[in-house]
Amino acid sequence: MKKFVEIMDKAWALFLPTQAECAGIAFAEACAYGIPCITFDTGGTGTYVRSGTNGYALPIGSAPEDFAKTIATLFTDKEEYERMCNNAMTLSETELNWGIWGDKVNGIIEEVLGRGGRNGAG
């Protein structure tokens with residue numbers, strides 16, 4: 001854990017050009033450290049990386065040059081970079097954390113049980 005925190009504290013961005021991702025926990029972890037993310041928009045990544053908000057999710061098929069331009073823009077625009085860092089942290093605090101996930105799952109379970117689960121007449 002100590003090494004993980006050390007790496008995250010030094011990271012400028014998370015570049016993870018995955019082409020098949022349904023639940024990118026690495027993106028949520030990056031957001032917790034205020035790190036913008038750059039990836040492909042595979043469908044699942046959009047839950048974590050909101051293009052223009054906390055990073056960029058480029059369309060599948062984007063060329064390496066497209067990623068290079070995106071990274072260069074983020075690297076040279078300090079205000080945009082800071083905005084993305086702040087947005088990443090906000091997303092982590094309000095949506096992309098285990099506490100929020102647990103609350104949502106608990107709500108779903110309670111709803112299902114209240115509609116004829118084990119104690120119901122189903």
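**Reading a predicted fold, term by term**

Guide: Welcome! Residues are numbered from 1 along each chain as its sequence is written, and side-chain values use heavy atoms, with hydrogens and water left out.

Visitor: What makes a stretch a helix or a strand here?

Guide: Both are DSSP runs, numbered from the N terminus: a helix is H or I over at least four residues, and a strand is E over at least two. By that rule the protein chain has 5 helices and 3 strands.

Visitor: How does the radius of gyration of the protein chain stand against a compact globule?

Guide: The radius is taken over C-alpha atoms, and the globule rule is 2.2 Å times the number of residues to the power 0.38. For 122 residues that rule gives a value near 14 Å, but the protein chain has 18 Å. Along the principal axes, its C-alpha atoms fill a box of roughly 60 × 35 × 25 Å.

Visitor: Why is E93 called exposed?

Guide: Exposed means over 50% relative accessible area, buried means under 20%, and partly exposed lies in between, using a 1.4 Å probe and protein chains only. E93 has 56% relative accessibility, so it counts as exposed. You will find E93 in helix α4, residues 78-94.

Visitor: And why does G61 count as exposed?

Guide: Its relative accessibility is 67%, so G61 belongs with the exposed residues. G61 sits in the loop between β3 (55-59) and α3. From D41, G61 is 20 residues away in sequence and 9.7 Å away in space, C-alpha to C-alpha.

Visitor: Why is T70 described as buried?

Guide: T70 has 14% relative accessibility, and therefore counts as buried. Its place is in helix α3, residues 64-76. Contact means heavy atoms within 4.5 Å, and T70 is in contact with I38, Y56 and L58, leaving aside neighbours within four places in sequence. Across the protein chain, 29% of the 122 residues count as buried.

Visitor: Why does M89 get its label, then?

Guide: M89 comes out at 30% relative accessibility, so it is partly exposed. This residue of helix α4 is in contact with C31, A32, Y33 and G34, leaving aside its neighbours within four places in sequence.

Visitor: What makes a group of residues a nonpolar core?

Guide: The members are buried Ala, Val, Leu, Ile, Met, Phe, Trp, Tyr and Cys residues joined through side-chain atoms within 4.5 Å. In the largest core, which has 13 residues, F27, A30, C37, Y48, V49 and L96 touch the most other members. Helices α2 (25-32) and α4 each supply at least two residues of this core, and the largest share, 4 residues, comes from α2. A second, separate core has 9 residues, among them I38, Y56, L58 and F67. In soluble globular proteins, nonpolar side chains tend to be buried together.

Visitor: Which residues is C37 in contact with, leaving aside its neighbours within four places in sequence?

Guide: Those partners are L14, F27, A30, V49, N54, G55 and Y56.

Visitor: What share of the contacts in the protein chain with a separation of 6 or more comes from residues 24 or more positions apart?

Guide: Such pairs account for 46% of those contacts.

Note on methods. This is a predicted model: local features need pLDDT of at least 70, side-chain atom pairs count only at pLDDT 80 or more; totals for chains, interfaces and linings use all residues.
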